[in-house]
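Good morning, and thank you for coming.

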Amino acid sequence: MELFDLKDKVALVTGGNSGIGLAYAKGLVKAGAKVAIWGRNTEKNALAKKELENLGGDVMTLSADLTKAAAAREAFQQTIAHFGKVDICFANAGGAGPQGQRLHQINEDDWNSIIDLNLNSVVNTYKPVIAHLLEREAPGKLIVTSSIAALMGTGFSSGYATTKAAVLGLTRSLAVELGKKGIQVNAILPGYIETEMSLNAPEVFREATLRRSCSGTNGTLEQMEGIAVFLASNSSDFMTGQSIVLDGGHTIYPL
Ligand SMILES: NC(=O)c1ccc[n+]([C@@H]2O[C@H](COP(=O)([O-])OP(=O)(O)OC[C@H]3O[C@@H](n4cnc5c(N)ncnc54)[C@H](OP(=O)(O)O)[C@@H]3O)[C@@H](O)[C@H]2O)c1
């Protein structure tokens with residue numbers, strides 16, 4: 001077995017047009033995978049495609065609002081029409097949701113919107129992929145971007161931690177359901193990585209994350225590439241249902 005080789009594999013990365021998703025996609029392209037990236041913004045999609053093609057990637061992009069199940073199904077059909085199959089799926093699209101309020105102050109629409117964005121979008125993405133893998137009787141890899149917020153909570157942003165914890169339950173459940181079909185299901189829990197989303201967080205939050213980091217640094221996007229390749233490749237075939245923390249030691253805070 002060639003370690004970490006993704007030649008002949010097709011990977012789908014939601015939210016692959018920026019930040020952590022684009023970093024995953026770069027790692028996957030470098031390891032030889034063909035990559036489909038889904039995000040809503042067509043300009044960001046086009047820029048990401050160019051960046052990935054400059055690395056030698058065979059890349060397609062699709063614009064879809066993944067909070068809508070029908071949009072995810074349609075995007076999946078178009079991906080299959082283009083690449084013929086999907087072997088690897090990173091359900092990474094997501095966002096911060098309502099911030100600065102206690103739970104009782106968050107209105108119903110805002111609460112439902114973060115559930116749609118960070119939980120239902122994952123379900124909407126995974127469902128057609130699972131049906132496709134089972135129909136092909138093919139092995140596969142499902143990976144979700146959770147967060148260390150799932151372990152630590154996020155006061156005044158409870159929807160975020162709630163949804164990021166929910167996908168860990170989904171990960172373990174799917175690992176059980178799909179293990180005997182040769183499909184591994186895992187979650188990545190990044191600490192603070194500097195992206196469009198995290199740069200919108202209050203400065204005080206960024207300072208606190210730096211204080212807690214054993215290395216004294218926050219994470220970089222380049223540091224997200226390798227874990228994506230490992231979890232997408234045969235090298236991780238005996239790993240499933242796991243929640244993998246990449247946070248420079250933030251969650252073990254030693255001082
Ligand atoms: N940055 C961190 O420190 C950190 C830490 C832990 C976990 N995370 C998680 O990592 C993931 C990626 O976030 P990021 O930090 O890389 O932020 P980002 O650069 O803002 O990326 C978010 C991605 O999600 C896509 N997206 C958002 N809503 C969508 C929707 N309704 N339908 C389809 N795509 C949608 C965006 O594309 P469009 O704008 O084109 O829609 C974008 O590609 C998120 O799940 C986030 O919770 C981030």
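This is a predicted model: local features need pLDDT of at least 70, side-chain atom pairs count only at pLDDT 80 or more; totals for chains, interfaces and linings use all residues.

In what order do the seven strands of the open sheet stand, and what is their pairing? The order is β3-β2-β1-β4-β5-β6-β7, and the pairing is parallel. Residues are numbered from 1 along each chain as its sequence is written.

Some terms for the sheet. Helices (H or I, at least four residues) and strands (E, at least two) are DSSP runs, numbered from the N terminus. Two strands pair if DSSP finds at least two bridges between them.

At the edges of the sheet stand β3 (59-63) and β7 (243-246); each has a single partner strand, so one side of each is left without a neighbour in the sheet. From one strand to the next, the twist averages 20°. Strand β1 (residues 10-14) and strand β2 (residues 34-39) run parallel and are joined by five bridges. Opposite Ile 37 in β2 stands Val 13.

Let us turn to the helices on the sheet. Axes are lines fitted to C-alpha atoms, for helices over the stretch in contact, and angles run from 0 to 180 degrees between N-to-C directions. Contact requires that the C-beta atoms of two residues, placed from the backbone, lie within 7 Å. Helix α2 (residues 42-54) lies across β2 and β3, and runs at about 170° to β3. Helix α6 (residues 158-178) also packs on the sheet, where it touches β5 (140-145), β6 (183-190) and β7. The direction of α6 makes about 165° with that of β6.

Next, the helix pairs. For these, angles under 35 degrees count as roughly parallel, over 145 as roughly antiparallel, 65 to 115 as roughly perpendicular and the rest as oblique. A crossing is left-handed if the near helix is turned anticlockwise from the far one by less than a right angle, and right-handed if clockwise. As for residue classes, Ala, Val, Leu, Ile, Met, Phe, Trp, Tyr, Cys and Pro count as nonpolar, Asp, Glu, Lys and Arg as charged, and the others, Gly among them, as polar.

The axes of α4 and α6 are 9 Å apart, and the two helices pack at an angle of about 20°. That makes α4 roughly parallel to α6. Their contact includes Trp 111, Ile 114 and Leu 119 of α4, and Tyr 160, Val 167 and Leu 170 of α6. By class, the contact of α4 with α6 has eleven nonpolar, three polar and one charged residues.

Helix α4 (residues 108-136) also packs with helix α3 (residues 69-83), at an angle of about 40° and with the axes 8 Å apart. These two are therefore oblique to each other, and the crossing of α3 and α4 is right-handed. Here Ala 69, Ala 72, Arg 73 and Phe 76 in α3 meet Asn 124, Thr 125, Pro 128 and Val 129 in α4.

Finally, which residues are the closest to the ligand? They are Gly 15, Gly 19, Gly 39, Arg 40 and Gly 94, among 30 residues that surround the ligand. For this shell, a residue is near if its C-beta atom, placed from the backbone, lies within 6 Å. The elements that give two or more residues to the shell are α1 (19-30), α4 and α7 (196-199). By class, the shell has nine nonpolar, 17 polar and four charged residues.
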